Number of protein chains: 2
Amino acid sequence: MRPTVHDIAAAAGVSLATVDRVLNQRPGVRLVTREKVEAAINEIGYIRDVAAANLAKGRVYPIVFILPTGDNSFMHGLRSEVHQATLRSSFERTEIRILEVPPFDVSALVAALDALQGQDLAGVALVATDAPEVRAAVDRLVSERIPVVTLVSDLTDSTRHHYAGIDNIAAGRTAARLLGRFLGGQEGDITVLAGSMLVRDHRERLEGFSAVMAAEFPKLRLLPVLEGRDDPERARSLVSKALSGSTKIIGVYSLGAGNRGLIAAVKAVRPERELTVVVHELTQHTRAALMDGTIDAVLNQDAGHEIRSAIRVMKAKADGQGVIADQERIRLDIFLKDNLP
Amino acid sequence: MRPTVHDIAAAAGVSLATVDRVLNQRPGVRLVTREKVEAAINEIGYIRDVAAANLAKGRVYPIVFILPTGDNSFMHGLRSEVHQATLRSSFERTEIRILEVPPFDVSALVAALDALQGQDLAGVALVATDAPEVRAAVDRLVSERIPVVTLVSDLTDSTRHHYAGIDNIAAGRTAARLLGRFLGGQEGDITVLAGSMLVRDHRERLEGFSAVMAAEFPKLRLLPVLEGRDDPERARSLVSKALSGSTKIIGVYSLGAGNRGLIAAVKAVRPERELTVVVHELTQHTRAALMDGTIDAVLNQDAGHEIRSAIRVMKAKADGQGVIADQERIRLDIFLKDNLP
DNA sequence: AAATTTTTGATTTACGTACATCAGAAATCG
DNA sequence: CGATTTCTGATGTACGTAAATCAAAAATTT
């Protein structure tokens, strides 16, 4: 059986009350006594039973998710996964609140973050727009000892505790290799559709994609990036225009959301044009397009895993505990039509 | 706050003791009273606080893992993940025991399973060799109300509670499409290296692979399957012989373990021969081969996830609880050189 | 109706921790 | 040295559940 507070008390030759004072950093313990107790804790390898402690404390974890509004399927999925999590909240002792802010809107995000200051929170998770103001607002929360986790898109140089999302540079590189290999040795143009260069995940995907394309597939030329702002209609018109503008386009990489529009644009030129298409985020639209051959591969991050991981990490940080790093690594899923879940 | 046993007692107009008798199926409650209590439980939506119950019971979960011996890296990895789990056992209240049996050995596996009968276990996890005798032995454990989970390779038609592993037909299909697309429109032979057709995962991978190859890549011909018994040395000699036997081989699919040997065989004919190679299981050897270009893609199942998932599921079953299905789905990882973890 | 059996209630202890109170001991101050 | 402050111990209650005991009530049997 693992040691308890009683064992510490016995080992250190002090009373239970003193052990409690040390463990919970309450005042009224002389330095020498405190050290004696801490030595005993280390020696017998005491680890607090979090379940029992939570029971005694009646602990709950108030958590806030800040998510972008917008009607693309990926964000819908993310919101829906947070709602799923709220259904489990009585088991997990969480109290989840969702704030919605306009996408790519720095000041709205900052305002939402600042409004959380002073609240007693076990954690804040946000889809970050990568800007200095946002970073500063996050740092303010962190300095209030509130655990902060970035979701999907990370924040450069901030002090956030954790990032629950994929390695976007690797994702871009992977997309490039898939597209390049699928195209065999063909020569032609590649068009890239992004959401916005204001978010770090999109920038990083592009960076990885461009690097591998340049280094390993010299016969493929990248056209200037289209910014669809993750909006299906805008994406459709941009891609349509690009396709009619150049007949040399043989590949498409969509690194953001709004793929509903992209799929429509590609379908409109089929079957006259042969296109190899790699996109991000598995939704009902991209899934159908993968099945019917409009798309060749979908790169995905599992929103459910991200949300659950973010919650686990925030709770652990709030308790000053560690996490199983490997378990919290969000993986890049690659879906071909054969391995759809 | 969620309702407690006290709330049930008040709602049903009975004492705490009676509620306890109903909840824990203890004798001494009249049918009408029991129904009254059960009605109250449903009405107020009581859910047992598992943490508090475990605390009160001093509950531990004795779990047995039955793993094949053998010196291929994948099984080493699997064993190592179980060891990792034992390190967390004081937190998770598990008591994990590992039994080792020779690989592909039906009677040894049956003997190990039967030896567990009558023991008070919270779960048994095994890498199944797919045979009727094994299925019968598993069914015997299940009929003793011991939760049984198959790991990595499933058992046909058994009553096991859960399978913690990937969809191997999908894995085979995916391998075929990757190999087919990477080979462009080339014509030639494909050689397939398996471990043993006695295990269901290998059979299923082959089935999926063959199906997609036949249906979508008619220019690629499958050579007879080589059975390497997951042994590196045997794999090396089989593949070497095959490569020197036919100069038309342009692709290799290794659906089992022992890839150390396969890699050596491929390297021996490089760079004269151009081969596209897809293998299963990410190990230090396959990782290095992916990096240096010997291998083009690695399909992987995350052993750590499988073990942790198996433990979560066994604990939940032992408590008669449900699981988050999506969380327990083991995903097929596809690794190119760009997205290695 | 009495005797017996079955069912129910009341109460207590326990799990490991948190937290509060009060008295007593030890240290520090004047 | 006494007075004060600081530290420590002893003790009790609580969290939500499990499990046991014993007494009392209700149902059943004779």
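A: First, know what you have. This is a predicted model, in which local features need pLDDT of at least 70, side-chain atom pairs count only at pLDDT 80 or more, and totals for chains, interfaces and linings use all residues. Residues are numbered from 1 along each chain as its sequence is written, while chains are lettered from A and ligands numbered from 1 in the order in which they are written.

Q: How are the two copies, chain A and chain B, related?

A: Two copies of a chain are related by a rotation about an axis and a shift along it. Here a rotation of 180° with 0.1 Å of shift along its axis puts chain A on chain B, with RMSD 0.2 Å.

Q: How many residues does each chain give to the contact?

A: Contact has a cut-off: C-beta atoms, placed from the backbone, lie within 7 Å. Chain A gives 26 residues and chain B gives 26 residues. On the chain A side, α4, α9 (168-182), α14 (303-318), α15 (325-328) and β12 (333-335) each supply at least two residues. Those labels are DSSP runs, numbered from the N terminus: helices are H or I with at least four residues, strands are E with at least two. The most comes from α9(A), with 6 residues. 100% of the interface residues of chain A are also interface residues in chain B, so the copies meet through the same surface.

Q: What classes of residue make up the side of chain A that touches chain B?

A: It has 10 nonpolar, 6 polar and 10 charged residues. Ala, Val, Leu, Ile, Met, Phe, Trp, Tyr, Cys and Pro count as nonpolar; Asp, Glu, Lys and Arg as charged; the others, Gly among them, as polar.

Q: Which residues are closest to DNA strand C?

A: A residue is near a strand if its C-beta atom, placed from the backbone, lies within 6 Å of it. For DNA strand C, 26 residues qualify, and the closest are T4(A), A53(A), A56(A), S15(B) and T33(B). Two or more residues each come from α2 (16-23) and α4 (50-57) of chain A, and from α2 (16-23) and α4 (50-57) of chain B. The largest share, 5 residues, is from α4(A).

Q: Which residues come nearest to DNA strand D?

A: Of 26 residues around DNA strand D, the nearest are S15(A), T33(A), T4(B), A53(B) and A56(B). There α4(B) gives the most, with 5 residues. By class, this surface has 14 nonpolar, 7 polar and 5 charged residues.

Q: At what angle do helices α9 and α10 of chain B pack?

A: Axes are lines fitted to C-alpha atoms, for helices over the stretch in contact, and angles run from 0 to 180 degrees between N-to-C directions. Helix α9 (residues 168-182) and helix α10 (residues 200-216) of chain B pack at about 40°, with axes 6 Å apart. That makes α9(B) oblique to α10(B). Under 35 degrees counts as roughly parallel, over 145 as roughly antiparallel, 65 to 115 as roughly perpendicular, and the rest as oblique.

Q: Where does P271(A) lie?

A: P271(A) is in the loop between α12 (259-269) and β10 (276-280) of chain A. A cis peptide bond joins R270(A) to P271(A), with omega about 0°. In chain B, a cis peptide bond joins R270(B) and P271(B).

Conventions:
Contact = placed C-beta atoms within 7 Å. Least-squares fit on C-alpha atoms with pLDDT ≥ 70 in both.
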